[in-house]
Amino acid sequence: MEGMTSAVAPAIALTIAGSEATGGAGAQADLKTFQELGVFGIANLTCIVSFDPQDNWNHRFVPVDQQVIADQLEATTAAYGAASGAPSVLDTVKIGMLGSPATISTVEQALAGAYFTHVVLDPVLICKGQEPGHALDTDQALKSQILPLATFVTPNHFEAESLSGLQITDEESLKAAAIRIHEISGAAVLAKGGVRLEGPDAVDVYYDGETLEVLRAPKVGEVPVSGAGCSLAAAVTAELAKGATPLEAARTAKTFVTAGIANRVASGAPFDALWQGGSR
């Protein structure tokens with residue numbers, strides 16, 4: 001049409017994750033991260049999490065109906081998937097909180113039926129407020145059904161210990177855990193030490209079977225910030241969608257999250273939230 005310029009279609013990324021009502025984490029953080037990094041973001045919701053201010057800000061967890069999860073994935077794949085004819089094909093997905101063995105099975109089936117080059121797994125193992133037995137079942141299902149499909153995995157300190165079976169106390173044990181998780185999964189690994197390891201720096205370890213690289217940034221406070229893990233994995237996802245190598249994606253994500261933590265958002269909750277616009 002006259003007067004219209006032909007813009008290049010943006011890269012597209014999908015997050016399969018939970019909604020976090022205060023906006024600091026989950027699908028909200030993912031979409032904001034995608035937007036900041038120039039990627040068209042899509043969110044398919046698995047659950048709705050609302051912190052309970054009357055109960056020490058624990059999670060109130062409500063799963064989305066399984067058919068609704070399947071419907072979202074069907075619609076997204078038809079619109080942008082490999083067979084859609086869309087100018088930008090959706091080949092990159094981030095998986096965040098799934099929350100139940102049933103949801104894990106639903107998502108596993110959807111991933112098996114769609115072609116994704118990049119599957120970034122933020123292995124959310126424990127959701128506060130869930131029954132311990134249910135949480136354990138979910139953890140086992142995630143490890144057996146979703147981890148083998150992942151091409152990139154971003155465990156935090158606790159998740160890296162759980163996945164590797166190793167105790168992580170310092171940089172060397174974090175490296176060992178990253179290597180072990182790669183051996184188990186075949187995925188590139190960005191194991192997050194964050195503020196939980198002693199020393200002046202927030203240290204994360206990248207390992208992909210060939211390259212081992214320690215990513216450092218000066219700590220911004222000693223307390224974890226809500227949304228940091230979600231945003232890190234989402235930034236990796238966005239960069240992969242744009243064609244970055246896994247190592248480049250890890251480096252960019254680390255820089256993005258460090259800026260977001262430095263410019264964090266305070267509220268009436270007893271924790272701060274990362275600001276995805278922090279690097280502007």
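A cavity, in the sense used here, is a set of grid points where a 1.4 Å probe fits but cannot get out, and its lining residues have an atom within 4 Å of such a point. In this predicted model, the largest cavity is lined by Gly 96, Leu 98, Gly 99, Ile 104, Val 124, Leu 125, Thr 138, Asp 139 and Leu 142.

Helix 4 (residues 132–146) supplies the largest share of the lining of the largest cavity, namely three residues. Sorted by class, that lining holds five nonpolar residues, three polar residues and one charged residue.

The second largest pocket, by contrast an open space, contains about 160 Å³. It is lined by 14 residues, among which Thr 22, Gly 23, Gly 24, Val 265 and Ala 273 are the closest to its centre. The lining of the second largest pocket has seven nonpolar, six polar and one charged residues.

**Helix packing**

| Helix pair | Angle between axes | Axis separation | Handedness of crossing |
|---|---|---|---|
| Helix 1 and helix 7 | about 40 degrees | 9 Å | right-handed |
| Helix 2 and helix 3 | about 25 degrees | 10 Å | right-handed |
| Helix 7 and helix 8 | roughly 140 degrees | within 8 Å | right-handed |

Helix 1 (residues 26–36) packs against helix 7 (residues 228–241) at an angle of about 40 degrees, which makes helix 1 oblique to helix 7. On the helix 1 side the contact is made by Gly 26, Ala 29, Asp 30, Thr 33 and Phe 34, and on the helix 7 side by Cys 230, Ser 231, Ala 234, Ala 235, Thr 237 and Ala 238. By class, this contact of helix 1 with helix 7 comprises six nonpolar residues, four polar residues and one charged residue.

Helix 7 also packs with helix 8 (residues 246–262), their axes crossing at roughly 140 degrees, and helix 7 and helix 8 are therefore oblique to each other. Helix 7 contributes Ala 228, Ser 231, Leu 232, Ala 235, Val 236, Glu 239 and Leu 240 to this contact, while helix 8 contributes Pro 246, Ala 249, Ala 250, Thr 252, Ala 253, Lys 254, Phe 256, Val 257 and Ile 261. The residues of the contact of helix 7 with helix 8 divide into 12 nonpolar, two polar and two charged. Ser 231 and Ala 235 of helix 7 are listed both in the contact with helix 1 and in the contact with helix 8.

Helix 2 (residues 66–80) and helix 3 (residues 101–113) pack at about 25 degrees; angles under 35 degrees count as roughly parallel, and helix 2 and helix 3 are therefore roughly parallel to each other. Gln 66, Ile 69, Ala 70 and Leu 73 of helix 2 meet Ala 102, Thr 103, Thr 106, Val 107 and Ala 110 of helix 3. In the contact of helix 2 with helix 3 there are six nonpolar and three polar residues, and no charged ones.

Terms used:
Residues numbered from 1 in each chain as written. Predicted model: local features only at pLDDT ≥ 70, side-chain atom pairs only at ≥ 80, totals over all residues. Heavy atoms only, no water. Axes fitted to C-alpha atoms, helices over the stretch in contact; angles between N-to-C directions. Helix = DSSP H or I, 4+ residues; strand = E, 2+ residues; numbered from the N terminus. Parallel < 35°, antiparallel > 145°, perpendicular 65-115°, else oblique. Left-handed = near helix turned anticlockwise from the far one by under 90°. Contact = heavy atoms within 4.5 Å. Nonpolar A, V, L, I, M, F, W, Y, C, P; charged D, E, K, R; others polar. 1 Å grid on protein atoms, 1.4 Å probe; cavity = no way out; pocket = protein on both sides within 12 Å on 5 of 7 lines; lining within 4 Å. Points joined across faces, edges and corners; volume = space filled by probe spheres on them.
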